[in-house]
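Let us walk through this model from its overall makeup to its cores and then its charged pairs. Keep the viewer open as you read.

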Amino acid sequence: MTPATGRGLLRYTFIIIALFFVFTTGRVSAAQTAADTVSTGDVQFTEAPSASQQLAQNKKKADSVAKAKADSAKTTVKAAPVASGTDSPKSLWQLFIIGFLGGFAAFLLPCVYPMLPLTVSFFTKRGGSRASAIWQSCLYGISIIFIYVVFGLLITIIFGPAALNGLATNGIFNLFFFLMLIVFGASFLGAFEITLPSSLANKLDANSDKGGFAGIFFMAATLVVVSFSCTGPAIGGVLSSAFTKGDRLAPAVVMFGFSLAIALPFTIFATFPSALKSLPKSGGWLNSVKVILGFIEIAFALKFLSNVDLAYHWNLIDREVVLSIWIAIGVLMSLYLIGKIKFSHDSDVPHLSVTRTFFAMVVIAFTFYMIPGLWGAPLKSISALLPPLSTQDFDLSSGAGFAASAAATNTTTIKDKKYEELFKRLPKVKGLDDWYDYDQAVEVSKQLKKPILIDFTGWNCVNCRLMEQNVFPNPEVYKRLKNEFVMLQLVIDDKTELAKEEQVESAVSPGKKITTLGGKWLDMEVAKYNSNAQPYYVIINEKGETLVPPQGANQNIAEFVKYLDSGIAAYKK
């Protein structure tokens, strides 16, 4: 193999990994937790009383709180970790991978990659000996990591872990990230550059001339500041995953992965400077990576806008709207990759390279894959990132992908479902008879002599969508859900205002008043079941007694069937 061929293959490898990041960041971040959670900072009281019950409730409020805590201790303390505790390490590892891939993509951008040979040359000349150069380059890499991780920790300190958790369904936060990713995407496309003040860069650069560790640290800080026009949008993308996770360590973990991916090349090539000869030279391909990242960030921004639209019932961003925009972006990316369109800062593409041809094929194929979704195709590989199929106005699928409806067996005197109109856009498994109010579900349970399966779910809960798509339609699961249970969906992130007479004090946070429907059900979940995870499944009888330990998302069909059967058996006893 010739050196030129080796450099070409290495360059192709870099581009492949970079584009793998931009195509997978959205999906990994969307599915990063085995059970999505929301903040308990604004939790609200479990059951809103009627007007006739208000005086009695005020008199017995202290007793109700004590009873709720006692029920939680008896029935759910052991079960809660199923949904929220055991999956935390896995989620943080996923965040680390997102950060690492984001950092590697940022390393390949024009503001960072060309600095590699200059930095390595500086250390090899300054170090004197090879051992000294290696030691100084390691300090340089550690300094980069330290700066970014401290930045992540500062975010946690400023916002606080509870606030980070609640941002996942906060309207202002989602709108902010939507606008931020649009701005960053436009920056990557070349509309403008986002830079920090030049005076800060000059001051840091002057301090980098100092000897010892201080000089190396300021040199690393100079790299962070100077490269911000490229790394800033990438940081915004990976931090969005950290915010939606809500874990207090999430920003630090994602920034550690990000900084490690940037620091490693500088340290490795300073250790083995001869390997620089095999790297592809800077050129137009770096800008191509930047432009593709810009397209992806704009596409990913729609997810945050859709979150707000669903939770606040704007009913503007339907599924076909998002798909149409994504298809348009896919067409533009395809034309860009084959050289039919270019931006002002792009170099000419005299001929298509193998790399460009390969990725153009991938983008074109993915664009064609999305087109049937405009007519109701489920698009399972990306469905978690899209608004639910129930928001689609034009659907020719006729329930494709769902289990066939069994004969209706649920006959009740209650004809009008409370909140049914409110949740008509909520994802549904066709054929299942869902209820949306706790008191109504209890009454139905009494009439039908069936246990209640409480499904604590959310508009923006990715794993809820995966359960509804992959588990509930299974014939064995579907048969049990339809014939043996009263299905109760309690949407914990809904922002609908409660009537004044229903706004009461929280059972979990005394002194805090309940104002939204979602907060009411979230308070119930926390107070009674010691969990704030979604999805979270609880099987109860008509008296509200928990029959079997609750559980979170579980896409193992056999295990979920076993869980349902255990609830049925416990009810019959």
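**From fold to charged pairs**

Among contacts between residues at least 6 apart in sequence, 78% join residues at least 24 apart in the protein chain. Keep in mind that this is a predicted model. The protein chain holds 21 helices and 7 strands. Of its 573 residues, 55% are buried. The accessible surface is about 24800 Å², and carbon and sulfur atoms own 65% of that area.

Turn to the interior. In soluble globular proteins, nonpolar side chains tend to be buried together. Here the largest nonpolar core has 34 residues. Phe295, Phe304, Trp326, Met333 and Leu386 have the most contacts inside this core. Four helices each supply at least two of its residues: helix 9 (171-189), helix 14 (284-311), helix 15 (319-337) and helix 16 (354-370). Helix 14 gives the most, with 10 residues.

Which residues does tryptophan 326 touch, leaving aside those up to four places away in sequence? They are Ala299, Leu302, Met370, Ile382, Leu385 and Leu386. A second core is separate and has 33 residues, including Ile144, Val149, Val224 and Ala263.

Now the charges. The model has 9 salt bridges, counting a side-chain nitrogen of Lys or Arg within 4 Å of a carboxyl oxygen of Asp or Glu. One of them pairs the side chains of aspartate 433 and lysine 417, at 2.3 Å from N to O. Both residues lie in the loop between helix 16 and strand 2 (434-435), so the bridge ties together parts that are 16 residues apart in sequence. Lysine 417 has 17% and counts as buried, because the cut-off for buried is under 20%.

Another bridge joins the side chains of lysine 424 and glutamate 421, at 2.9 Å from N to O. Glutamate 421 counts as exposed, at 56% relative accessibility.

Arginine 465 and glutamate 468 form a further salt bridge, with their closest N and O atoms 2.8 Å apart. Both sit in helix 18 (residues 462-470). They are 3 residues apart, about one turn of the helix. Arginine 465 is buried, with a relative accessible area of 13%. Glutamate 468 is buried too, at 6% relative accessibility. Elsewhere, salt bridges that share partners link Glu476, Lys479, Arg480 and Asp565 into one network.

How values were computed: Residues are numbered from 1 along each chain as its sequence is written. This is a predicted model: local features need pLDDT of at least 70, side-chain atom pairs count only at pLDDT 80 or more; totals for chains, interfaces and linings use all residues. Side-chain values use heavy atoms; hydrogens and water are left out. Buried means under 20% relative accessible area, exposed over 50%, partly exposed in between (1.4 Å probe, protein chains only). Contact means heavy atoms within 4.5 Å. Accessible areas come from the Shrake-Rupley method with a 1.4 Å probe; for residues, only the protein chains shown count as cover. A nonpolar core is a set of buried Ala, Val, Leu, Ile, Met, Phe, Trp, Tyr and Cys residues joined through side-chain atoms within 4.5 Å.
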